[in-house]
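The following note sets out points for a colleague who is examining the coordinates. Please read it alongside the sequence and the structure.

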Amino acid sequence: MELCPCVKNILLLDFEGKRVAAKYFCDDWPTNGAKEAFEKAVFNKTQKTNARSEVEVTMLENNIVVYKFVQDLHFFITGGEEENEIILATVLQGFVDAVGLLLRGNVEKREALEYLDLILLCIDEIVDGGIILETDANIIAGKVASHSTVADGLSEQTFSQALATAREHLARSLLK
Amino acid sequence: MAQPLVKKDDDHDDEDYSPFLGIEKGAVLQEVRVFNDPQLDPRRCSQVITKLLYLLNQGDSFSKNEATEVFFSVTKLFQSKDLGLRRMVYLIIKELSPSSDEVIIVTSSLMKDMNSKTDMYRANAIRVLCRITDGTLLTQIERYLKQAIVDKNPVVASAALVSGIHLLQTNPEIVKRWSNEVQEAVQSRAALVQFHALALLQQIRQNDRLAVSKLVTSLTKGTARSPLAQCLLIRYASQVIRESANTQTGDRPFYDFLESCLRHKAEMVVFEAARAITELTGVTNRELTPAITALQLFLSSSKPVLRFAAVRALNKVAMTHPMAVTNCNIDMESLISDQNRSIATLAITTLLKTGNESSVDRLMKQITNFMSDIADEFKIVVVEAIRSLCLKFPLKYRSLMNFLSNILREEGGFDYKKAIVDSIVILIRDIPEAKESGLLQLCEFIEDCEFTYLSTQILHFLGNEGPKTTDPSKYIRYIYNRVHLENATVRAAAVSTLAKFGAMVDALKPQIFVLLRRCVLDSDDEVRDRTTLYLNTLGGDGEVVETDKETKTLLFGALDIPLVNLETSLKNYEPSEEPFDIDSVSKEVKSQPLAEKKAPGKKPTGLGAPLAGPPSTVDAYERLLSSIPEFLDFGKLFKSSVPVELTEAETEYAVNVVKHIFDRHVVFQYNCTNTIPEQLLENVSVIVDLSEADDFAEVLSKPVRSLPYDTPGQTFVAFEKPEGITAVGKFSNTLRFIVKEVDPTTSEAEEDGVEDEYQLEDLEVVAADYMMKVGVSNFRNAWESMGDDFEHVDEYGLGPRENLAEAVSAVINLLGMQPCEGTEVVATNSRSHTCLLSGVFLGNVRVLVRLQFGIDGSRDVAMKLAVRSEDEAVSDTIHEIVSSG
């Protein structure tokens with residue numbers, strides 16, 4: 001019997017349910033078609049709920065899905081029926097917060113695609129083959145940013161500073 | 001700050017802007033060339049890798065050649081010292097999952113990184129290498145991995161440990177050698193290293209129960225652990241408890257540990273512990289209380305996940321310990337209005353399970369408000385919960401039936417409506433008082449039902465049940481309305497239903513005839529045909545005659561011919577003077593009739609199932625046997641055994657046999673399957689040698705004409721035996737057949753075949769075959785009322801036995817009777833035991849048996865056997881069975 005907490009997939013979809021980034025750790029959805037069908041089902045089921053302030057949760061196809069929405073991005077984590085949903089929620093919160101740090105508070109689809117390498121590295125640092133590697137957003141973001149060409153300099157700052165500069169960054173990018 | 005926001009709105013035009021807009025695989029593959037530049041541009045290379053990853057992530061796939069080409073180009077990038085680029089290189093190598101001959105190219109680069117001074121290199125190189133490596137390479141890098149496990153950098157240690165967990169699946173013998181290092185890592189101060197080490201250590205030792213138990217013992221004493229590691233420890237502890245449940249008595253080990261975790265500061269640990277306690281086998285109320293209290297606190301949490309987790313766990317507890325959950329009912333009721341509909345539904349179904357009779361009405365009121373704003377899938381769950389509640393409290397059927405009929409009238413999809421209709425049908429079936437009101441609700445429903453399937457099913461059901469009510473006439477209006485208002489399918493069903501009323505209720509016949517005659521000119525031919533048929537069979541010439549049996553069979557009887565066979569026969573029928581004769585259609589079921597029983601389907605409920613409940617296996621056998629004319633004069637089937645396998649699994653031919661016991665005959669039904677695609681078997685029969693079964697004489701053998709690949713067929717052999725005697729014997733079986741080669745391309749068989757035989761295992765007919773397991777609910781009452789007219793008591797020595805339990809089960813198996821009141825279970829180490837058995841013996845004679853066992857110091861078992869039955873001969877037979885067995 002598998003006792004170790006296990007994550008089946010991590011999904012990042014946009015406000016229309018389109019895939020921004022997705023990583024599957026098990027064979028429950030063997031083809032891309034099956035994966036897309038699952039993403040569609042998850043999106044449709046959760047679309048109308050309000051998952052902006054707290055992590056929400058639902059059951060789908062004998063799986064537990066925890067999810068949270070930020071701006072036009074929908075974050076999901078799926079685990080088995082018997083999984084401890086609070087563990088899954090902790091992983092999801094770590095993912096959402098780490099993405100927030102890496103995108104300097106600018107959590108939206110456009111930015112996520114712009115820095116897709118960071119998002120992919122972030123997922124890679126959270127779960128390895130279904131096993132949870134890290135849930136602390138600061139550590140996750142630190143590991144991703146410390147060796148990223150795109151976010152040079154981020155590692156030298158503390159993350160409260162990073163968030164502070166995020167606003168400035170936002171303003172600058174919009175005024176361009 | 002206001003200005004940028006306005007600016008943002010202006011940007012909405014290119015909302016769809018994406019750096020990957022118009023990206024093409026071909027173009028990206030061209031870009032991969034930059035990896036070969038002598039002067040590498042790390043930033044540009046990173047971008048190209050991101051594009052490749054984007055394509056893979058969107059579901060694009062690379063052909064073998066493309067992947068190889070990309071992989072080789074990527075390997076060039078190890079020259080670059082750029083940290084960020086290296087990170088992307090690791091990521092893309094994992095995604096490309098190179099083949100083993102390609103892996104060799106990067107092995108040396110990765111091994112160099114594994115020994116690098118940079119922690120990030122070490123950690124990631126380990127993860128990549130372990131992902132893509134095979135067993136042979138693993139021995140080379142094993143040394144480094146063992147070092148990495150105890151590395152002082154937690155990221156490196158975790159990388160090695162997690163990789164170890166994955167490698168354990170493919171190379172367990174290697175990973176098991178690391179347990180010393182892993183053991184050391186368990187003591188690590190880094191929270192996640194300890195978690196990963198714990199996960200690996202337990203998996204290494206999972207087959208060694210004692211070692212796991214020791215591990216848990218040593219760790220439950222310590223503290224300062226990450227919540228994840230603590231959760232893992234709780235899971236291990238509950239596993240140890242589960243496995244030791246049978247061997248130990250007294251206090252549960254580790255319960256105190258679980259209980260202490262309920263006070264942990266991390267919510268995930270509290271929940272894990274609470275859930276573990278509720279899932280303990282045979283958990284007592286005292287053990288349950290602190291866990292329920294912890295879950296109760298979660299119910300009013302502001303976090304949806306906590307509420308969901310708690311209500312889900314409590315829902316499960318409610319199935320086994322409804323009383324323990326009642327304390328939470330008030331919190332649960334407030335969850336009915338929860339924003340999260342999953343939580344609300346779970347809360348309601350839990351309440352329905354824990355509710356008592358007096359709270360039903362209040363609960364229904366709350367649910368009614370709730371039902372209007374949830375999705376169909378949740379509604380179905382609620383409907384099912386209400387159905388079981390109603391079966392639990394039949395007295396409350398009125399308010400529950402009301403609820404069901406109200407929601408039946410509201411909007412809803414097919415599945416939801418079907419669930420409601422099914423529930424009403426089940427309630428009608430199980431609660432006689434609910435019948436009339438239930439039928440009327442269904443009538444109301446079909447007045448305005450958009451689903452043809454449901455309408456026809458309800459009409460069919462009405463036709464069977466309606467005539468048996470006190471006032472059948474009140475249903476006629478609803479049924480006849482269908483003839484005016486519905487589509488042809490429903491009209492045809494309505495006509496049949498009307499005919500059923502006409503057939504069963506003589507007083508209604510004249511009216512029914514009038515109504516039916518109006519349908520003769522229907523626009524649909526099926527409706528017209530049915531009407532004409534019914535008018536003729538019911539004697540529609542105005543006279544009220546008693547409906548004859550034949551007509552009733554036509555109306556109510558099940559079609560006992562497989563539809564496939566009927567279809568084939570009808571297709572073969574050529575129009576001629578001679579009418580089509582339904583008796584000429586073969587009743588032989590082509591495919592194994594029992595195969596579908598084994599299929600993991602839901603048990604038939606609702607409209608699909610006949611009212612008498614699902615047909616038993618015996619019914620299926622009875623139908624099968626009665627379709628064979630030769631067996632008709634054997635009388636009524638007494639008992640059919642469970643199938644006995646006569647071949648090993650995965651042999652050329654799979655054969656099992658069912659023993660059918662009649663008064664004076666025994667029929668063996670051999671179910672044969674040909675598992676060789678290149679063969680067609682013909683004239684398959686079983687040759688039975690009776691040299692060790694003197695009391696039996698073979699009367700006939702019915703071969704299977706043809707047995708194609710993978711299509712089960714049945715051959716029968718029937719024996720005569722003396723009446724009333726429990727003839728026993730051993731039969732040796734040989735499968736005989738003509739084998740024909742089949743061309744695999746055309747799947748046509750050759751003309752000529754070869755006769756062949758195949759030895760099957762022996763089969764025994766034992767005394768237990770003549771006994772049916774039929775339990776009694778109150779043994780003492782049955783025993784007393786049976787009286788001691790034919791009581792026969794005797795004592796037997798059973799000789800030395802392993803223990804008492806073994807002796808008891810041996811006697812039960814020998815007699816083949818049903819143990820009553822749980823007396824088949826023997827308390828461990830007890831010196832004496834009483835066992836009560838009940839059954840029906842051949843000839844439908846009820847038999848009750850009281851067995852008293854005693855065991856002495858030298859393990860000799862003595863037994864006192866008291867038999868009471870309705871027939872003295874049978875009482876004696878039971879004693880004969882025991883004395884000879």
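1. A salt bridge is taken here as a side-chain nitrogen of Lys or Arg within 4 Å of a carboxyl oxygen of Asp or Glu. On that criterion, the whole structure holds 44 salt bridges over all chains. One of them joins the side chains of A:Glu39 and A:Arg19 at 3.0 Å, N to O. Because A:Glu39 belongs to helix H1 of chain A and A:Arg19 to strand S2 of chain A, the pair ties together parts 20 residues apart in sequence.

2. This is a predicted model, in which local features need pLDDT of at least 70 and side-chain atom pairs count only at pLDDT 80 or more, whereas totals for chains, interfaces and linings use all residues; side-chain values use heavy atoms, with hydrogens and water left out. Residues are numbered from 1 along each chain as its sequence is written, and chains are lettered from A and ligands numbered from 1 in the order in which they are written.

3. Chain A contains an open sheet of 5 strands in the order S2-S1-S5-S4-S3, with antiparallel pairing. The edge strands, each pairing on one side only, are S2 and S3 of chain A. From one strand to the next the twist averages 20°. Strands are DSSP runs (E, at least two residues), as are helices (H or I, at least four), both numbered from the N terminus; two strands pair if DSSP finds at least two bridges between them.

4. Strand S1 (residues 7-14) of chain A pairs with S2(A) in the antiparallel sense over 5 bridges. A:Leu11 has A:Ala22 as its bridge partner in S2(A).

5. Two helices lie across this sheet's strands. H2(A) lies across S1, S4 (63-70) and S5 (73-80) of chain A, at about 30° to S4(A). H4(A) lies across S1 and S2 of chain A, at about 25° to S2(A). Axes are lines fitted to C-alpha atoms, for helices over the stretch in contact, and angles run from 0 to 180 degrees between N-to-C directions.

6. How many residues does each chain give to the contact between chain A and chain B? Chain A gives 54 residues and chain B 68 residues, contact meaning heavy atoms within 4.5 Å. The buried area is about 5,400 Å², with 57% from carbon and sulfur atoms; this is the accessible area (1.4 Å probe) that two parts lose on being put together, summed over both.

7. Between chain A and chain B there are 11 salt bridges. Among them is that of A:Asp124 with B:Lys94, at 2.8 Å, N to O.
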